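Take the model below and follow its pockets first, then the annotated positions and some of their contacts.

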Amino acid sequence: MPPLWSAPAADGPVDAAVALPGSKSMTNRALVLATLADEPSMIRRPLRSRDTLLMAGALRALGVAVDDADGGAWRVTPGELRGPATLDVGLAGTVMRFVPPVAALAAGEVSFDGDPHARKRPMGPILAALRALGAEVEGDALPFTVRGTGAVAGGSVTIDASGSSQFVSGLLLAGPRYAKGIEVRHEGPPVPSAAHLAMTMRMLADAGASAESGPDVWRVQPGALRGGEVDIEPDLSNAAPFLAAALVTGGRVTVRGWPTETTQPGDALRHLLADMGGSASWDGGDLTVRGGGAIHGIDVDLGDVSELSCVIAALAALADGPSRLRGIAHMRGHETDRLAALTTEINGLGGDVRELPDGLEIRPRPLRGGVFHTYDDHRMVMAGAVLGLAVPGVEVENLPTVGKTLPEFGELWTEMLR
Ligand SMILES: O=C(O)C1=C[C@@H](OP(=O)(O)O)[C@@H](O)[C@H](O)C1
Ligand SMILES: C=C(OP(=O)(O)O)C(=O)O
């Protein structure tokens with residue numbers, strides 16, 4: 001295990017500008033769509049992190065060329081999809097949920113496995129859906145095997161996607177290549193992550209697919225996908241800890257290249273951080289958040305933007321009043337059980353966090369230093385770093401695990417505080 005990382009305490013208001021690498025969710029969707037396209041693609045400014053390298057590796061193993069191009073771009077040249085292949089999904093939800101529907105289109109056997117905790121992440125609904133759509137799949141969780149015949153009938157399928165929106169996104173992304181296309185209907189408690197579902201629909205449409213949705217139903221017609229140029233936006237969920245630093249220190253942080261219009265959940269930071277006492281201004285290119293001196297508690301449903309919850313929970317623990325973070329029961333199936341992890345680790349520093357059936361209740365208390373365990377979860381590292389700004393002596397476990405989506409986090413954080 002790497003040594004503990006002493007999260008730096010801020011010695012005054014931060015005043016910094018940060019340029020963040022590309023979005024994990026956009027990069028991995030772009031790689032999948034490029035794999036299924038009729039012509040080569042150039043993916044500009046992709047994220048290169050553990051999750052996206054695992055995605056590129058899995059697609060290469062199925063017969064696709066993903067090559068480095070000028071300026072850090074990825075050139076994707078689709079090829080005949082084929083097994084046999086043995087794929088490592090790591091702990092990446094996007095790889096474990098987006099690749100099996102592609103593997104079902106390959107001729108040959110494709111086996112999937114990942115990190116120990118990946119075996120605990122929910123997979124049942126998407127694997128059952130693939131079976132219902134005509135694919136042969138053995139197993140209901142990692143490790144599992146998809147035995148492709150080179151084609152999938154497709155059609156209509158009903159699933160409970162309350163455990164992860166990625167069940168829906170994974171099926172939709174491969175849908176254009178299924179003989180009958182795909183219709184996914186959801187039945188059950190609400191599907192989380194509306195923002196990521198919108199991203200799936202938008203990127204499918206941008207690639208030339210005919211895709212439409214209604215309440216709890218999504219449809220993609222069969223048809224060709226085009227390749228070409230795809231620009232990846234900066235990862236706005238990874239902006240969360242940096243912008244949060246403005247609130248914690250009463251300072252000012254700018255994130256470069258904030259998109260005009262985006263489907264990324266991180267865009268919600270503008271109003272979330274304003275509701276917590278900051279102010280956000282966008283100059284048409286960069287987003288700046290200023291801290292107002294105090295952090296306010298918040299009562300909010302984060303179900304549509306749950307990637308932000310770990311950092312929002314850290315801020316809430318430093319606020320001037322209590323918070324309730326709701327609508328995030330599905331985070332128990334993320335990289336770790338995040339509701340349990342946040343409760344244990346913030347309380348371990350002297351905090352008062354209580355798990356609710358669908359979220360967290362956080363009552364701020366004076367915190368003290370100590371070890372902040374991170375459970376192989378990049379967003380727990382980010383939460384620990386935010387707490388450490390205000391609480392001297394926070395020792396964050398396993399900093400490199402942040403490389404799941406932001407390998408340069410440590411350097412960017414140090415740079416921000418310089
Ligand atoms: O489709 C995506 O790119 C993602 C969807 C969300 O998954 P859940 O709906 O499982 O939360 C999100 O939390 C994850 O980080 C990325
Ligand atoms: C839940 C997350 O990741 P994954 O794509 O592995 O589900 C996340 O990044 O917060």
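A pocket here is an open set of points on a 1 Å grid over the protein atoms alone, with protein on both sides within 12 Å along at least five of seven lines, whereas a cavity is a set of points where a 1.4 Å probe fits but cannot get out; lining residues have an atom within 4 Å of a point. Grid points are joined across faces, edges and corners, and a volume is the space filled by probe spheres set on the points. This is a predicted model, in which local features need pLDDT of at least 70 and side-chain atom pairs count only at pLDDT 80 or more, while totals for chains, interfaces and linings use all residues. Residues are numbered from 1 along each chain as its sequence is written, and side-chain values use heavy atoms, with hydrogens and water left out.

The second largest pocket has a volume of about 200 Å³. Its lining includes the run Pro 189, Pro 190, Val 191, Pro 192 and Ser 193, with Asp 301 and His 330 also among the residues. Sorted by class, this lining holds five nonpolar, five polar and two charged residues. In that count Ala, Val, Leu, Ile, Met, Phe, Trp, Tyr, Cys and Pro are nonpolar, Asp, Glu, Lys and Arg are charged, and the others, Gly among them, are polar.

Of its 18 lining residues, Arg 202, Met 203, Asp 206, Ala 207 and Val 230 lie nearest the centre. Helix α1 gives the most to this lining, with four residues. (Helices are DSSP runs of H or I with at least four residues, strands are runs of E with at least two, and both are numbered from the N terminus.)

The UniProt annotation "binding site", from an unreviewed entry, covers nine positions listed there, including Lys 24, Ser 25 and Glu 307. The lining of the largest cavity takes in Lys 24, Ser 25 and Glu 307, among others from this set. UniProt positions are given in the numbering used here, feature names are shortened, and annotations may be inferred rather than shown by experiment.

Lys 24 counts as buried because its relative accessibility is 7%; buried means under 20% relative accessible area, exposed over 50%, and partly exposed in between, with a 1.4 Å probe and protein chains only. Ser 25 is also buried, at 5%. Leaving aside neighbours within four places in sequence, Lys 24 is in contact (heavy atoms within 4.5 Å) with residues including Asp 51, Glu 307 and Arg 379.

Arg 379 lies in helix α11 and is buried, at 3% relative accessible area. Its C-alpha atom is separated by 7.3 Å from that of Val 311, 68 residues apart along the chain.

Technical notes: Chains are lettered from A and ligands numbered from 1 in the order in which they are written.
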